[in-house]
Amino acid sequence: MRKFLAVSAFAIAAAAGIAASSAASATTLTLCWAAWDPANALVELSKDFTAKSGIDMKFEFVPWTNYADRFLNELNSHSKLCDLIIGDSQWVGGSAENGHYVKLNDFFDKEGIKMSDFVDATVVGYSEWPKNSPNYWALPAMADAVGWTYRKDWFSKPELQAEFKQKYGHDLAPPKTYEELMQIGKFFQGRNVDGKTVYGAYIFTERGSEGITMGVTNVLYDYGFEYDNPKKPYQMEGFVNSDGAVKGLEFYKELYKCCTAPGMTNAYMTEGLDAFKSGQVAMQMNWFAFFPGLFKDPNVGGDKIGFFPNPAVGKTQFSQLGGQGISVVSYSEHRAEALQYIKWFANPAVQQKWWDIGGYSALKAVVEAPGFPKSAPFAPDFLKTMGFVKDFWAEPSYAQLLLAMQKRVHDYVVADKGTAKEALDLIVKDWTKVFKDDGKI
Amino acid sequence: MADLGVPNLADRLAAATPETIAKPIRGLSDRALAWLFIAPSIVLLLAINIFPLIWTIYLSFTNYRANRPNAPIKGVGIDNYVSILTDADVWQPMQATAHFVLWTILIETVLGFGLAFLIDRKFRGHGLWTTIILIPMMLSPAVVGNFWKFIYQPQTGLFNYLIGMLTGQSASSFEMIGSVRLAPWSIIIVDVWMWTPYVVLICLAGLRSIPDYIYEAAEVDRASKWRQFWTITLPMALPFIMLAVLFRGIENFKMFDMVNLLTSGGPGSTTEVASITLKREAFESWRTGYSSAFAIILFVTVFGLANIYVKALNQVKSR
Amino acid sequence: MTTAAHSVVEPSPRSKAIAGTLVILYAVISMIPLVWIGMTALKTPSDAIAYPPKIIFTPSMAGFCDLFTTQSRQTEDYIKTLPPPTDTCDEITRSRGLVTAGPSNFLPRFFNSFIIAFGSTFLAVALGTLAAYGFSRFKVPMADDLLFFILSTRMMPPIAVAIPIYLMYRELGLSDTHLGMILLYTAVNVSLAVWLMKGFIDEIPREYEEAAMIDGYTRLQAFRKVVLPQAATGIAATAIFCLIFAWNEYAFAVLLTSGSAQTAPPFIPIIIGEGGQDWPAVAAGTTLFLIPIVVFTVLLRKHLLRGITFGAVRK
């Protein structure tokens, strides 16, 4: 009992201590982002900022599966935790309309930061709200999209190449179409390579946040899925659930059934990395953001890894846009210092180093430099992919739209519930309800 | 009603309202003192439990969204309740919850009582082994759920590896959290692993509360051990067993953390228990009004079931 | 009961042996996942996700290093430009082709857990003891209803409570503060504490206080000098249960805190290493997080059994 009282007293005293010490410290900026390779690279990069400005940096990184929940909750509760936030592209609408982000137009004008210096897709995707209007709420910080990695060492084994050619009549090479991708997947599925059973492909199937949606849309876009009628906004019947979309969804399920490793039923980026790094899969769907880290991996990196952009269906080729812009949170008490950070970050030399140590710069001066395609093996695919990206809804209600799609797609693909057509019909129904509640239709 | 699940509580309550004892020599009257002692707890509960509850009831009749502070709040009557109770998608989590609650209670009670009965044989070192058995319930359910995700990995996880070794099947021939058939059992296994110790503790207390002289009398009557078990041990421990069922039932009806980290409600919505649905509506969709109504429905359900159950419990006790 | 030669209720040696074997078997099986957590904490990240799982491996401190720091994978050329490593962890990290980017948030989160869990346990036990004494010794109007009301507050699903609490804390500026979390956990635990403590205090004969009051003690003095020491066992048992809840709570913590007051349970499952979840670091965090509560429980274990049944067990 004594012990307990002593411990409690200590804890309370310690709490008082913390409160006192935090009040006395100098300016510290807190930057919020997702926990992944590029974020760790940003920590490394930001050491230069601290050295130059004397402003300390603190970081709050949350894994992707909790990222949206956590930080939207943060913004909605008007918390002062984050001074700077690298927020997902879909949040721009809500954050602009609800006043979570500081509008950056005046600051950009004053500091001579021009949005035309950044890759167009990233400016529309990460900074603008309403879309395609010169209202900027973020500086493009991390360009990203979905691409693929494959085991170059396995693909180049002569015996496998011969067997593949005999079976399918063409060379074992990075696939150009989804059909080919499935062939390769089936070819490797359950095969014994270097004494281990391996599997065909890794694809996103995560249920809890955005995983399966970010995976399936890559295929859906190619097969002709559209979010709504290009001529009549929010009219989704016949676009979301078009015949092409049904085929695309069926393909994704078939790919999941035929060619993925056991246990990949609730898998997103991190599970994909684990599967690829532990030598389980021949091909991996993932965000370009991870490719620098994978390339440096001692076990599967270097010569053993290759990269390819999303395959096409006929002439249609799309990729799901990822990536984020960096914004100043309007509840921050250190707005001036936060803007100072953005100014430093927009500097071309910093942007170049950002790319060099594992981030993806969206600055044209970096990615359009003549040496860029040669600077990394995945750089050319990245440039190509950024030319055909598409993004999910960025509406203030995007979270509801996403929840519905997650549920319906996972129910169909993983839990074997209903048909593809039924799943897409339900998405139309759910989305229509959301837009009705919002008064958009 | 206040007799909630506590054996002999009725007696205690009766005794707890005594004739006023010695008058205070100076200072406050007993009545003032009583309030002084009780008030802080009541005030805290009013502020942090009851006021929010009333607020929830109010919100459940509106279309409020906590992520749109500027939007006007409109009363929508009982629309939220109607749309929840008529939505087929809501029955899925209710069924998932019922499956989870019923099976965990059943297995934990049988296993927990069995273990308690064995521990009560007082073999050498039973104290040490009891303490060891208790460790899983001291873990954080969220941390447990997360780590079992690792253990259940069909390729790299320990669970499939061990089962594979025991049955001679390939370890990756089945998926605990990935298949629609097994996923509901994967969350039950983890809950049983974690909370059977709790039931053991309660049952042990029940077994220890049976006075020795009753067994001694039975021995004198030459009742067989088997008969002693059915006529003495089980009936006398029953109120405690029922208490364990009540506690585990309430806790698992509220289950969120462990399941959310283990399966996120998947595959599809197979293991999406009610609290996960509620969390998604409240803190991801931000439909505050709608989810308030859902919260009230859940609360009324658990409150109602617990009430009925306690009535039954009191009857068992008074027999 | 200890040496009573052949008490009729003393189980036979054979039944003891069988019981012992079965209980130990269960204990061993239920320990497997915990042992696995301990083993994973000592693996390297790649050993942790090896398939088939590795039972025999070379121990490494990488998990613990990863738990306390964040790292970034860099090329050899880049690493060569850095000053030499400053400590063992730095060395281990560098040898894996990574650089230590900075400290992780584990220590602050652990510290928050400490403050919030012990602070709220202390408050809940203190308030609960007072209220229990009030209910036990005084004629309180509607005592039954009040007691039931107190207990019923525990039946609300945490997520349901979290909705209005979230709104309320947002208005009051209590989101993500130690005070807010301590108050919340105290409120959740106080209902349990009142019920547990009432059971214990009811068992303390009131003659003790009466005698003390005849000797000239006021009621408050009698409470402090007579009742409290008698209730020590109950207080200890109550403290264990309150602490287990407050130490491990996740739902409120994840919804109402983010940085400055976040506790460890929402943090441990989200330790991401390079790419994938860093299982050795997660396991190391889990192990470190388990130690305080196990120590606390083992120290007070004698009182545990009495606490769990709301003190209803009579000697």
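Where in chain A does A:Pro130 lie? A:Pro130 sits in the loop between helix H6 (120-127) and strand E4 (139-142) of chain A, where helices (H or I, at least four residues) and strands (E, at least two) are DSSP runs numbered from the N terminus. This is a predicted model, in which local features need pLDDT of at least 70 and side-chain atom pairs count only at pLDDT 80 or more, while totals for chains, interfaces and linings use all residues. Residues are numbered from 1 along each chain as its sequence is written, and chains are lettered from A and ligands numbered from 1 in the order in which they are written.

- Most residues other than glycine have a negative phi, and most peptide bonds are trans.
- The peptide bond from A:Trp129 to A:Pro130 is cis, with omega near -5°.
- A:Asp194, which is not a glycine, has a positive phi of about 50°, and this residue is exposed, with 9 other C-beta atoms within 10 Å.
- A:Asp416 has a positive phi near 60° and counts as partly exposed, with 13 C-beta neighbours inside 10 Å.
- For these labels, a residue is buried if 20 or more other C-beta atoms, placed from the backbone, lie within 10 Å of its own, exposed if 12 or fewer, and partly exposed in between.

**Chain C as a whole**

- The secondary structure of chain C comes to 16 helices and two strands.
- Of the 315 residues of chain C, 58% count as buried.
- The C-alpha atoms of chain C fill a box of roughly 85 × 65 × 35 Å, taken along the principal axes.
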